[in-house]
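Reader: I would like to learn how to read charged side-chain pairs in a model. Please take me through the cases here.

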Amino acid sequence: MGIPLPPYYLTLFLLLFISFNNVGHRNLVFADDALIEAQCHNAEVPETCKKCVKSDPRSQSADKVGIAAIIITCLSNKATTLINNMTTLASGARDKNLKVALRGCEKGFYYSKTNLIAAMNRLKGKEYDRTNLLVKQALEEEFVCKMKVEALRFNFPSSVTFDMGVYEELSTAVMRIVDRFV
């Protein structure tokens, strides 16, 4: 039927197979981490960039364009959070002018989400200048919101301020990453 092999040959073969398989996998993960590190390196706050990218399971197989797409997804998610924050703040605002400003912020972040969806499509189409323009327009909505609300001497809750800061950091990160594609 065949050549009888001692059981230790089979065990040795299995151990070698498993160890070679795991060695290659560890190197692959290391390469992905190195790419994430390289892409996020030039962001103003690299830790925010890396945290966003590593939170997405697609990061394990993403190239540099894929990393930019993940950051745009994080931005879009943060815009949704900010829409909800503005809705809640506006519904509780007693001052009419503040309520109007917060509703304007809410609309601005909806507009930002639309721009981010379009930016993702442009990124996939390799229209990198257009991608950055759309991300920049989405970021401008956040700046306008902050300016109008602060003019009314209203201070956002610390959680909203934090979310807006992350939104700015991720916007800057993705624009810097996409700039290097051109």
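Author: This is a predicted model. Begin with Arg 58, which counts as partly exposed because its relative accessibility is 40%, between the cut-offs of 20% and 50%.

Reader: Which residue does Arg 58 form a salt bridge with?

Author: The general idea is that side chains of opposite charge can pair when their charged atoms come close. In this case the partner of Arg 58 is Asp 56, with 2.8 Å between the closest N and O atoms. Asp 56 has a relative accessibility of 13%, so this residue counts as buried.

Reader: What parts of the chain does the pair of Lys 78 and Asp 163 link?

Author: Lys 78 and Asp 163 form a salt bridge whose closest N and O atoms are 3.0 Å apart. The pair links distant parts of the chain, since Lys 78 lies in helix α3 (residues 64–92) and Asp 163 in helix α6 (residues 158–179), 85 residues apart.

Reader: Are Lys 78 and Asp 163 buried or exposed?

Author: Both Lys 78 and Asp 163 are buried.

Reader: How is the pair of Glu 127 and Arg 122 to be read?

Author: Their side chains meet in a salt bridge, at 3.7 Å from N to O. Glu 127 is partly exposed at 38% relative accessible area, and Arg 122 is partly exposed at 30%.

Reader: Which residues do salt bridges with shared partners join into one network?

Author: Glu 37, Glu 47 and Lys 50 are joined in this way.

Reader: How many salt bridges does the structure hold?

Author: The structure holds nine salt bridges.

Notes
Residues are numbered from 1 along each chain as its sequence is written. This is a predicted model: local features need pLDDT of at least 70, side-chain atom pairs count only at pLDDT 80 or more; totals for chains, interfaces and linings use all residues. Side-chain values use heavy atoms; hydrogens and water are left out. A salt bridge is a side-chain nitrogen of Lys or Arg within 4 Å of a carboxyl oxygen of Asp or Glu. Buried means under 20% relative accessible area, exposed over 50%, partly exposed in between (1.4 Å probe, protein chains only). Helices (H or I, at least four residues) and strands (E, at least two) are DSSP runs, numbered from the N terminus.
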